[in-house]
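Work through the exercises below with the structure open. Each task is followed by a solution in steps.

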Amino acid sequence: MDAYIQGIIILTGINLLAVLGLSVLTGFTGLFSFGHAGFMAIGAYVGAIFSSKLGLPFAAAIVAAAAGAGAVSVLIGRLTLKLKGDYFCIATLGFGEAIRLILNNWKWAGGARGWDNLPASVTIWNVLIVDAIAVVLVWNLLNSRHGRNMVAVREEELAAQMAGVNVFRYKMIALFVSAALAGMAGAFMGHYMTYITPKLFNMVKSTDLTIIVIFGGLGSVSGSILGTLLLTALPEIFRAFSQWRLVFYGLAVIVIMVGRPQGLIGGMELTPAGIRKIAAERRAKSALAAAAKAAEQGGEE
Amino acid sequence: MSAILEIRGLTKRFGGLAAVNDVSFDVREGGISGLIGPNGAGKTTIFNLVTGVYKVTAGSIAFAGRPIADLEPYKIAAAGITRTFQNIRLFKNLSAFDNVLTACHTGAKYGLAESMLRLPRYWREEKALRAKADELLGIMGLADRRDVTANNLPYGLQRRLEITRALALGPKLLLLDEPAAGMNPDETEQLMRLIGKIRDDFRLSVLVIEHHMDLIMGVCEHIHVLNFGCTLADGSPGDVANDPKVVEAYLGSEEGKKSC
Amino acid sequence: MVQFLQQLVNGLSIGSVYALMAVGYSLVYSIMNFSNFAHGAVIMLGAYFGFYSLTLLRLPFGVSFVLAAVGTGLVAVLLERLAYKPLRERRAPFLYFIITAMGASIFIENLVVATIGPTYKTYPAVFGQGPIQLGALSIGRIDLTMFVVSAISLTALMIFIDRTKMGKAIQASAYNMKASALMGINTDRVIIIVFALGGALAGVAGVLFGMKYLVYPQIGNITNKSFIAAVFGGLGSLPGALIGSVLLALIETFVSGYLSSQYRDLIGFVILIAMLVVRPTGIMGKSAEDKA
C-alpha cells in the first residue's frame, strides 16, 4: 500500500481511539473536557518510558499508557466531578495546561524540546486491531445498563439521581474510559511519529477531538467514527487549504450547535438495530400526530 | 397500620430563611397521603429533603424504620423512595421505552466487565429488564407509545411516563409532586383512579403534593397541611377541610403568618 | 524590601488587567450561567483593533482605546445575537453554549491567522522611554498605564452597575432572570448590554496586553488566567473576580520573582485545583443548592 495512504489510515486510527473515549464522556455522559490532550500526553510519556527507558514491548507500553492516564483521571475526577459543569470544564482546562507545563519543565524527559528516537512500533495492523477491540468494548459498555445510566446523567442529572443512578460513579467511569483511551492514543502517536513534545498536546488538540465528537453527533458511536474518518482524512487530502481548516471547524461547530445540534447522526446508530429503532420512532411519531389530528377533528364536530 | 415514612422536627434553612420549620408527620404504609398548602409553604422542599436532594438542617427522616437523612440521593432511591417532579424531568431525547428501561437498572447486577464482554449474565438480565419495561408500559397504558421520544409525548402522557419511570425501581413509597398540574377535570379524574390503582397493584404507599382539592380530597386518606414552612393541620380529609386555620390560610388571611 | 515592593507593583499592574478580563467574563457568567470561552478571542481582536487604529489609522492613543472597546463590544454583541440567542430561545442545555463558545473562539482566532497571518506584531512606542523612578522603585510606563486604565474602566463599570437603572436591571437579572422578566425588565436588552460591557472591557484588556507584550492570534489564551481568577474569586461574582485577579497576579509575580519564572503559569493551575477542592465556590461565591 502507498505509504502516504497508510499514514493517513494510521493517523485516523489513532485519532479514533481518543475520539471514541471523548464520545463516551461528552456524547453520552454530557461532560465537556478542554484537557484531554493532557491525558494523551500522559499516555505518550508513560508509553515512552516503558518502551525506550525500560525496553519493554510495545504492547506493555500501550497498556501502561492507558493505565497511567486512567489513574490520573481518577485523581482529577475525585477532585472535580462533584462540581457543577462549568467548574469541571475550567478544571480540565487547567489540568491540560498544567500537564503541558510540567512536561515542559521535566528535563529528564526532554523538557520543551521533547523526546525523540522512540521505537517505531506502530503498524497499520496493530492500530486497526486495537481500534476494533476498543469500538466493540465501548459499544458493549454503552449498550448496557451502565451506558444507559451515563445517558441518564447527560439527559437530566437530578432525575437520574432520583432513578437510583450513582451520578458521581458514572461520571467517573466515563472519565476513566475516555482518559484511558486518550492515553493509548497518545502512546500510539509517540510510537508512530517516533518523537513527542509537550506542544503536540496543547489545547488545540483537545478541542480538535471534541469538535470531531460534536461533528459526528453527540450520543452516537457510529457518528464519532464517521466524524473521525471525515475530519482526519479530509484535511490531509485538502492540504492546500490547511490554513482555513480551523476556520471552517469553528464555523461548523457554531452552525451545528445552532442549526443541527445532533451533528451528522447524533443519537442514532448506523447499525441494523439502530436503523430499525429510528424507523420505529418515526412511525410512532406520525401515528401520534395522526391521532392528535383525529382527536381535534372529533372535537370540532 | 404502621408508618413507612416518619418525619420528626424536620427543618431546612436557606441562609436565614426557614423553608421548612419543625415539621413532623407520618406516611402510613399502604396509604395515600396528601401534602397541601399555599405556594411557598415548603411542600416541594420536603420532597427534596426526603429524597436527599437537599441536606437536612435539623430533624430526622426515617424510612421503614431506618434513618435516611444523611444518605445520598441514589441510595435513597435504591432503598425504595422514588418521585416525580413538579416540572416534568424526563430523559427528553430518549423513547418512552428507554426512559423506563433506564430506571429498571437496579433490577440487574451485571458489572462493567460483564457488559463489555457480554457474558451470559448480561444477556439473561438484559432480557429480563426489557420484559419488565414493556410490562410496566403496558400496565400504565403506554404500550402503544413505546417508541415515541419522550419530548414528543403530549403533556398528560409525559406525566404518566414519569410515574412509570418512578415505578420501574420497584419503590415502596412514591412521591408525586403536583401530578395533576395542567390537567383538565377529565384527566384529573383519570389520574385519581390511576393513583389508587398503582397503590393496589404495586402495593406501595403514596405521598402526593397537589393543588387540585378535588383530587386531594378524593384520593387521600390522610392529609398534612403546611403554611410558611410550618405544620398547620394534620388529619383526615374531613377534619382538615373543616379546620378554621386551613380555611383561613387558603383564603389568604394575615393570621396564617402568625400561626407558627 | 525594595524587591518586595517592586514585585507588589508589578503584580498589581498585571492583576488589574486580569481583573478587566475576569470581570467581563464573570459579568456574562452571572447573567447567562455559562462560561463564555470565546472571551479570549474577543480580547485578541481588541489587541488587533488597537494595533491597527494606532498604526494604520494613526489615531491618538486615547481614541484607539475607545475604538478597540467599541469594536470588541460590537463583536461580543454580534456573537450573542448570532450564536447564543438561538440557543437561548431553544432552551438548549448549557453544554451547547459552551461548545458554541469554543467554536466561536476557534473560528475568530483562525480567521485572524488565515487573513492577517500568524506573525507577531509590535505596538508602536506610545510613551517616552525609560521607567519612572519612585525612590528605589522603578515603574514601567506601560505598567502604570495598565493600572490606571484598568482602574478607570472598572470604576466606570461599578458606577454604571450601582447607579444606573440598567445597572440595577443587570443586578436583578443576575439574581433571578425569570423573576426579573416578570417584573417588566427587558432581559433580552440586559443580555445585549452585558455582552457589550464584557466585550468592551475585553477590548481594553486586549490593547493593554498588546502594548505590554506583542500582538498575535493566540494572545487570547491569556484569558485562561481570568477563568482561574474568576473561579478563585467565585464564579459570577464581580468583586470576587476582582479580588481573585489581583491575588492570582500577586502570587504569580512573587513566585516568578522569588522561585522561578518557569513555575509562574503552573502555580495558577495549582491554585485553581486547590481552590476547587477546598472551597469550590471561591472566595466570594455563594453556595447555592440547585433548586429542584
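A residue counts as buried under 20% relative accessible area, as exposed over 50%, and as partly exposed in between. The model used here is predicted.

**Exercise 1.** Compare the span of helix H4 of chain C with the expected one, and state how many of its residues are buried.

Solution. Step 1: H4(C) covers residues 94–115, 22 residues in total. Step 2: at 1.5 Å a residue, 32 Å is expected, and the distance from the first C-alpha to the last is close to that, at 32 Å. Step 3: 18 of the 22 residues of H4(C) are buried, leaving the helix mostly covered. Step 4: just after H4(C), C:Gly117 has a positive phi of about 110 degrees.

**Exercise 2.** Determine how helices H5 and H8 of chain C are oriented to each other, and what kinds of residue form their contact.

Solution. Step 1: H5 (residues 141–163) and H8 (residues 187–212) of chain C pack at about 175 degrees, with axes 10 Å apart. Step 2: angles over 145 degrees count as roughly antiparallel, so H5(C) is roughly antiparallel to H8(C). Step 3: H5(C) contributes residues including C:Met146, C:Val149 and C:Phe160, and H8(C) residues including C:Leu197, C:Leu201 and C:Val204. Step 4: the contact residues comprise 11 nonpolar, 3 polar and 2 charged.

**Exercise 3.** Decide whether the radius of gyration of chain A agrees or disagrees with that of a compact globule.

Solution. Step 1: for 301 residues, a compact globule would have a radius of gyration near 19 Å. Step 2: chain A has 21 Å, which agrees. Step 3: the C-alpha atoms of chain A fill a box of roughly 85 × 45 × 35 Å along the principal axes. Step 4: 60% of the residues in chain A are buried.

Conventions
Residues are numbered from 1 along each chain as its sequence is written. Chains are lettered from A and ligands numbered from 1 in the order in which they are written. This is a predicted model: local features need pLDDT of at least 70, side-chain atom pairs count only at pLDDT 80 or more; totals for chains, interfaces and linings use all residues. Side-chain values use heavy atoms; hydrogens and water are left out. Helices (H or I, at least four residues) and strands (E, at least two) are DSSP runs, numbered from the N terminus. The expected span of a helix is 1.5 Å times one less than its number of residues. Buried means under 20% relative accessible area, exposed over 50%, partly exposed in between (1.4 Å probe, protein chains only). Axes are lines fitted to C-alpha atoms, for helices over the stretch in contact, and angles run from 0 to 180 degrees between N-to-C directions. Angles under 35 degrees count as roughly parallel, over 145 as roughly antiparallel, 65 to 115 as roughly perpendicular and the rest as oblique. Contact means heavy atoms within 4.5 Å. Ala, Val, Leu, Ile, Met, Phe, Trp, Tyr, Cys and Pro count as nonpolar, Asp, Glu, Lys and Arg as charged, and the others, Gly among them, as polar. The radius of gyration is taken over C-alpha atoms; the globule rule is 2.2 Å times the number of residues to the power 0.38.
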